[in-house]
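Here is a short report for a reader new to this structure. Start with the picture, then read on.

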Amino acid sequence: MNIRPAKVTDVKEIHTLVEHYANNKEMLHRSLNAIYENIQEFVVLENKSKIIACGALHVSWEDLAEVKALAVAEEFKWQGLGRKIVEKLQENAKSLGIYKVFSLTFKPEFFKKLGYVVIPRETLPHKIWSECVNCHLFPDCDEVPLLVNLKSE
């Protein structure tokens with residue numbers, strides 16, 4: 001299995017993975033257009049030329065980035081692939097000089113196992129006003145904000 005930067009030819013498979021969880025209300029929907037426009041943020045994990053996991057790192061501010069669209073194919077869950085994707089995204093953040101990484105998630109326990117801690121939503125003002133305010137769940141969203149400081153690792 002290989003983690004690599006995503007390519008535009010991966011978009012439809014990424015979209016299928018994300019939509020599976022979004023349709024189960026475990027993740028927010030992402031349009032094909034949004035994935036194409038942000039493809040450079042994505043990494044994918046492939047097995048036998050099939051995308052089985054994905055995730056994106058979105059830079060939010062000079063010292064802050066977000067793990068987004070983290071998804072693992074159902075048949076490959078519980079094999080540590082989500083952890084591998086997050087670790088790769090965190091490496092990418094460090095290479096950009098960003099040491100604070102957050103996630104807004106419906107699955108906070110996963111991120112807690114990776115060292116993330118729950119933070120008040122209000123500590124992410126750039127995130128809330130740039131993207132969350134346009135979400136159909138705003139302001140009654142149940143996503144939990146978590147953060148890890150990679151300098152303390």
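Accessible areas here come from the Shrake-Rupley method with a 1.4 Å probe. By that method, the accessible surface of the protein comes to about 8,500 Å². Carbon and sulfur atoms hold 53% of that surface. Keep in mind that this is a predicted model.

**Overall build**

The protein has five helices and seven strands. Along the sequence they follow the pattern β-α-α-β-β-β-α-β-α-β-α-β. Of the 153 residues in the protein, 44% are buried. Among contacts with a separation of 6 or more, 70% join residues 24 or more positions apart.

| Item for the protein | Value |
|---|---|
| Accessible surface | about 8,500 Å² |
| Share of that surface on carbon and sulfur atoms | 53% |
| Buried share of the 153 residues | 44% |
| Share of contacts (separation of 6 or more) between residues 24 or more positions apart | 70% |

**Helix 3**

Helix 3 covers residues 81-95. Gly-97 follows helix 3 and has a positive phi, near 85°.

**A surface patch**

Which residues make the nonpolar surface patch of about 250 Å²? Val-8, Leu-32 and Tyr-36 make it. Val-8 sits in the loop between strand 1 (2-5) and helix 1 (11-23).

Methods: Residues numbered from 1 in each chain as written. Predicted model: local features only at pLDDT ≥ 70, side-chain atom pairs only at ≥ 80, totals over all residues. Heavy atoms only, no water. Patch = residues over 30% accessible without salt bridge, like charges linked within 9 Å, V, L, I, M, F, W, Y side chains within 5 Å. Salt bridge = Lys/Arg side-chain N within 4 Å of Asp/Glu carboxyl O. Helix = DSSP H or I, 4+ residues; strand = E, 2+ residues; numbered from the N terminus. Expected span 1.5 Å × (residues − 1). Buried < 20%, exposed > 50% of the residue type's maximum accessible area, 1.4 Å probe, protein only. Contact = heavy atoms within 4.5 Å.
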